[in-house]
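Hello,

Here is the structure I promised to pass on. My notes on its salt bridges follow below.

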Amino acid sequence: MTTNDDSLHRLGLEITQQGRVLTARLHGGPRGELGPEIAADLEALVTRAEADDGVGAVVITGTHPERFSAHASVPWLQEAGAGSPNVSPRLGSAAVRAAKMTRRIPGGRKAAGSTPLSGVLEVVDFHDTFIRMNLCGAVFIAALNGSAMGGGSEIALACDYRLMVSGDYLLGHPEVLLGFPPGGGATHRLTRLVGLQKALKIMLEGGAVDPETALEIGYVDELLDPDDLLDRAHELASHLATRIKPAVAAVKRATYVGGSTGLEAGMRVENAEFFSTLTRPEARAVMADYIGRTIDTGDLPFYEPADYARARAEGSYRSASIGVSDRAIR
């Protein structure tokens with residue numbers, strides 16, 4: 001992972017930090033491809049976002065003048081497929097389980113070497129990186145500076161927000177035209193964003209939509225002029241980075257994980273996240289402030305427009321910021 005500004009021709013990510021926001025710039029070479037270097041750097045980026053309390057949000061953008069991330073490198077995919085025998089979906093599922101077990105064994109990854117299992121390990125790692133983004137206490141924002149097809153779209157789909165520039169760009173999934181389905185989660189994440197029928201049409205056609213259509217169907221959240229994209233992404237990231245990180249993680253886990261199950265199972269996920277964060281010192285402190293402000297004013301602070309606006313701007317309710325002393329919950 002590089003941290004200097006002369007990395008335009010290197011592969012991987014360039015990371016910079018401003019306040020509580022990390023900016024990750026995708027360097028996919030002259031064609032803007034997604035390859036193993038970017039995949040490895042994304043994994044390291046997510047690890048940093050998980051572990052660093054000073055990181056509350058991550059903006060991911062591209063360096064290619066017209067592409068966020070073109071799509072996964074086809075030679076990379078071909079190599080992974082060529083190293084394995086033909087398998088049925090059932091055997092493919094068994095191979096994924098074997099790869100996950102191999103990762104847990106000390107030295108297992110090294111032992112896999114150049115065996116057919118090595119390609120499966122790469123796929124499992126890629127999936128896990130995206131899942132960890134969905135479970136992380138940092139908010140991820142994709143700033144799509146151009147087209148994103150296949151794996152590029154899947155990076156964006158794994159983010160919590162997607163901002164895109166308007167213009168002659170495409171967002172979609174052409175994988176079926178190469179003989180395989182999306183492999184980084186699009187069959188689930190795109191379907192949840194835009195609905196089953198719209199997602200199915202895009203993926204079966206091997207098609208793509210323009211930015212205006214992407215906004216209309218919910219594929220992206222905002223359209224911006226190119227000159228405004230990063231400013232808006234950083235504005236949003238800085239705003240959301242003020243939230244209490246365990247609470248953000250709990251919201252994301254309850255939504256992404258619980259929302260994909262049946263109602264009762266999903267409610268159990270939500271309940272677990274609710275009670276695990278309710279007892280944390282961060283939550284206890286801000287609740288004490290809220291109770292104190294209620295006693296002082298005789299009304300609920302979230303129904304006082306100034307107090308509510310201040311809490312949203314600062315990321316949590318802190319009465320100290322409005323001149324009320326902290327109180328401990330008893």
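By salt bridge I mean a side-chain nitrogen of Lys or Arg within 4 Å of a carboxyl oxygen of Asp or Glu. Arg31 is exposed at 51% relative accessibility, while Glu33 is buried at 19%. Here buried is under 20% relative accessible area, exposed is over 50%, and partly exposed is in between (1.4 Å probe, protein chains only).

Before the rest, a word on the source: this is a predicted model, where local features need pLDDT of at least 70 and side-chain atom pairs count only at pLDDT 80 or more, while totals for chains, interfaces and linings use all residues. Residues are numbered from 1 along each chain as its sequence is written, and side-chain values use heavy atoms, leaving out hydrogens and water.

The salt bridge count comes to 9. Another of them joins Arg232 and Glu222 at 2.8 Å, N to O. Arg232 sits in helix α10 (residues 229-240) and Glu222 in strand β10 (residues 222-224), so this pair ties together parts 10 residues apart in sequence. Helices (H or I, at least four residues) and strands (E, at least two) are DSSP runs, numbered from the N terminus. Arg232 is partly exposed at 23%, and Glu222 is partly exposed with a relative accessible area of 23%.

Asp307 and Arg293 also pair, at 3.0 Å from N to O. Asp307 lies in helix α14 (residues 305-314) and Arg293 in helix α13 (residues 281-297), so the bridge ties together parts 14 residues apart in sequence. Both Asp307 and Arg293 are buried. Finally, salt bridges with shared partners join Glu222, Arg232 and Glu235 into one network.

Best wishes
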